[in-house]
Amino acid sequence: MANSGTAALLDDIIFDILCQLGVKDLLRFRCVSKPFCSLIEDPCFIKHHLCRSLKTNTNLSIIIRDHEHFFAVDFDSLKTATKLDNPLDVGDDGICNEILGCCNGLLALRKSLLEVCLWNPSTRKSYILPVAQIEYPPLSDVNRFKTFHTYGFGYEPISEDYKLVRMVQFKAKDPVTAVDMETEVRVYSFRTNSWRRIKGFPCRFKYYRPYGIGILANHALHWVVRRRTWSVIWSFVVAFDLGTEEYRVVPLPYGLGENVQGSVTALGGYLCLIAAYSVTDIIDIWIMKEYRVPEWWTKLISLKHPDDFLEDTTRRQHIWDYLNVLPFANLKSGHKLLLQQDKRDWDFHWFSKFLWYDLTN
């Protein structure tokens with residue numbers, strides 16, 4: 001019979017081996033024995049497995065969608081897509097639910113403004129969030145104003161809490177009195193399973209869904225915002241810190257100029273800026289290696305002919321289409337970049353294209 005030291009060593013070896021497996025294998029191995037099942041479902045093991053996957057850049061999948069379904073694509077092969085069961089009913093318009101954000105393998109999905117869930121595509125488990133009603137401005141007729149809403153989803157490591165941020169901006173419909181109104185901001189905490197209203201967002205969003213989803217980088221959510229007038233002047237980026245729940249401005253690269261439109265995304269945990277120039281067919285993709293330090297913005301690539309990336313090259317694309325050519329992921333070697341473009345077809349359905357870009361050329 002093995003002594004306690006040997007048994008502990010075997011337990012450590014089993015723990016280490018299981019941490020190197022993919023989620024699908026772990027789900028199957030739960031049936032091996034009760035101790036295996038208990039270990040695999042233990043929160044400590046789940047956290048260790050997640051940390052190892054993030055550190056080694058393994059167990060990665062790409063979640064894509066068509067008009068009605070979600071699919072998982074293994075990042076290492078990019079050859080086959082596995083259809084996933086939708087955790088929410090298809091929306092009233094017959095279109096698949098919208099992805100509000102993703103973090104650590106979890107996705108935030110919405111069917112409507114008030115119907116939101118968190119979903120783990122690997123385990124097929126989902127959780128419906130409690131409903132948070134909207135507090136409308138004190139107007140006698142709600143038809144006098146319109147609403148714009150956006151979301152952001154992320155993880156706050158200090159409190160070990162997943163948070164979903166919902167922002168609803170109100171604006172009067174009458175062009176004569178179309179002044180900015182307040183923004184209702186609510187934060188959902190997974191730890192407390194509750195929503196809280198916090199102070200309003202200080203700016204007006206420049207883009208709305210799907211452009212305007214909050215981008216997670218450095219434990220903060222980021223949006224491109226503008227000043228109170230519609231203009232071509234370069235806007236700026238505002239971040240919402242998931243820990244302090246405070247807003248701050250993120251400095252942009254020097255010398256961008258005024259004839260530029262921009263959007264943000266994330267790559268490998270770093271904040272990225274997509275800058276599209278209105279007078280040329282060029283987009284620049286910048287990456288911020290040292291957060292909040294403008295000198296550390298590095299130009300990753302310049303795409304001189306974005307139309308070559310598009311399915312339909314018979315018509316000139318709008319600059320907003322260029323803003324959706326996003327860096328999606330790095331190949332493990334670091335020599336190739338996977339680009340994604342979200343576009344609408346002629347029937348106004350959204351679709352995505354992917355393309356490998358060789359960084360060595």
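**Notes on the strands, rings and salt bridges**

1. Leu 109 has Cys 117 of S6 as its bridge partner. That contact belongs to an antiparallel pairing of strand S5 (residues 106–110) with S6 over four bridges. For the terms, strands are DSSP runs of E with at least two residues, numbered from the N terminus, and two of them pair if DSSP finds at least two bridges between them. S5 and S6 make a hairpin, with five residues between them.

2. Before going on, some housekeeping. This is a predicted model, where local features need pLDDT of at least 70 and side-chain atom pairs count only at pLDDT 80 or more, while totals for chains, interfaces and linings use all residues. Residues are numbered from 1 along each chain as its sequence is written, and side-chain values use heavy atoms, with hydrogens and water left out.

3. S6 also pairs with S7, again antiparallel and over four bridges. Here Leu 118 has Tyr 127 in S7 as its bridge partner. This hairpin has four residues between S6 and S7, and Arg 124 in the turn has a positive phi of about 70 degrees. How covered is strand S6 (residues 116–120)? Four of its five residues are buried (buried is under 20% relative accessible area, exposed over 50%, partly exposed in between, with a 1.4 Å probe and protein chains only).

4. On to the rings: the whole structure holds nine aromatic pairs. Rings of Phe, Tyr and Trp (its six-membered ring) pair if their centres lie within 6.5 Å, and planes under 30 degrees apart are stacked, over 60 edge-to-face, the rest tilted. Phe 153 and Tyr 162 count as stacked because their planes are at 20 degrees, with the ring centres 6.0 Å apart. Phe 153 is buried at 2% relative accessibility, and Tyr 162 is buried at 15%.

5. Phe 240 and Tyr 247 are a tilted pair, 5.4 Å centre to centre with 50 degrees between the planes. Phe 240 is buried with a relative accessible area of 0%; Tyr 247 is buried too, at 16%.

6. Which residues place a charge over a ring? Arg 166 has its charged end over the ring of Trp 195, 5.6 Å from the centre, and Lys 289 lies over the face of Tyr 270, 5.5 Å from the ring centre. The rule asks for NZ of Lys or CZ of Arg within 6 Å of the ring centre and within 35 degrees of the ring normal.

7. Arg 166 turns up again in a salt bridge with Glu 184 (3.2 Å, N to O). A salt bridge here is a side-chain nitrogen of Lys or Arg within 4 Å of a carboxyl oxygen of Asp or Glu, and the count comes to 13. Glu 184 and Arg 166 are both buried. Glu 184 also bridges to Arg 186, with the closest N and O atoms 3.3 Å apart; Arg 186 is buried at 11%, and Glu 184 at 0%.

8. Glu 135 and Arg 197 form another salt bridge, at 2.9 Å from N to O. Glu 135 is in the loop between strand S7 (125–128) and strand S8 (145–156) and Arg 197 is in strand S11 (residues 194–198), so the pair ties together parts 62 residues apart in sequence. Glu 135 is partly exposed at 43%, as is Arg 197 at 33%. A network of salt bridges links Glu 135, Arg 166, Glu 184, Arg 186 and Arg 197.
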